Amino acid sequence: SYNQVISAFANTGHAGAGERALNVLRRMQQVHETEKQSYFQDYGAEYDPTNPTTNTRRIVTPDAAVYTTTMKALISRSPEKAIGLLAEAFQANYFQMDAGMFIMPIKALATMMDKENNAKRRIQKAKRAEEILDMMKVLAKDGALAADTRRDYFQSPESYLEAGYNACLDAWARSFCREAAPQCEEIVRSMMNDEN
């Protein structure tokens, strides 16, 4: 239910939609914490969000879909908040993150560069895209990166990471700076090493 409300905000395109979607997520997190305490009082055991089927009953718990939809609502007007939300989800580590959670903000950073006149800020955005790719690589290496089934370009676990690399390469290419070409070469080398 919470995700449906967040999704409605994400689809409106209204200027305040991202903040309102984020408020719904924050409310959901509060409800989760309250229900967690109630669960412990009722059953004398901690609620396990990583494996809901082992719990006696299910409680409201933010998952990858909720975070992804909230990021979608934030990305156009508050990209830094969307990226912050990605880092928050990465740190939470109680649900499996999907590839789309990483690729969406990388692509958004690349798109933002088209409107950025300041060369230093374009480079910062490209570096930020690479940081997001690095987070994605950590999960992929650990086998903890899920497919984003809403995207048709994912055929195999290797293609999840390939899509992330390509999005990052696009971000660097759009930076229009002399650092872009050598950095793209370095990323391709890293990509080839990861495949071996």
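Angles under 35 degrees count as roughly parallel, over 145 as roughly antiparallel, 65 to 115 as roughly perpendicular and anything else as oblique.

What you have here is a predicted model, where local features need pLDDT of at least 70, side-chain atom pairs count only at pLDDT 80 or more, and totals for chains, interfaces and linings use all residues. Residues are numbered from 1 along each chain as its sequence is written, and side-chain values use heavy atoms, with hydrogens and water left out.

Okay, helices. They are DSSP runs (H or I, at least four residues), numbered from the N terminus. Two packed helices are described by the angle between their axes and the distance between the axes. The axes are lines fitted to C-alpha atoms over the stretch in contact, and angles run from 0 to 180 degrees between N-to-C directions.

Let's start with α4, residues 79–92, and α5, residues 99–113: their axes come within 10 Å and cross at roughly 155°. So these two are roughly antiparallel. Who touches whom, with contact meaning heavy atoms within 4.5 Å? From α4 we get P79, I83, L86, A89 and F90, and from α5 we get M101, F102, P105, L109 and M112. By class, that is 10 nonpolar residues, no polar and no charged. Here Ala, Val, Leu, Ile, Met, Phe, Trp, Tyr, Cys and Pro count as nonpolar, Asp, Glu, Lys and Arg as charged, and the others, Gly among them, as polar.

Now, α5 also packs on α3, at an angle of about 10° with the axes 10 Å apart. That pair is therefore roughly parallel. On the α3 side you'll find A64, Y67, T68, M71, K72 and I75, and they meet M101, M104, P105 and A108 of α5. This contact has eight nonpolar residues, one polar and one charged.

Next up, α6 (residues 119–141) and α8 (residues 180–195): the axes come within 13 Å and cross at roughly 5°. That makes α6 roughly parallel to α8. E130, L133 and K137 of α6 touch Q183, I187, S190 and D194 of α8. The class count is two nonpolar, two polar and three charged.

Last stop, the largest pocket. Of its 19 lining residues, P52, R58, T61, P62 and D63 are the closest to its centre. Helices α1 (2–12) and α3 (64–75) each supply at least two residues of that lining. The lining divides into 12 nonpolar, five polar and two charged residues. A pocket, by the way, is an open set of points on a 1 Å grid over the protein atoms alone, where a 1.4 Å probe fits, with protein on both sides within 12 Å along at least five of seven lines; lining residues have an atom within 4 Å of a point.

Key
Contact means heavy atoms within 4.5 Å.
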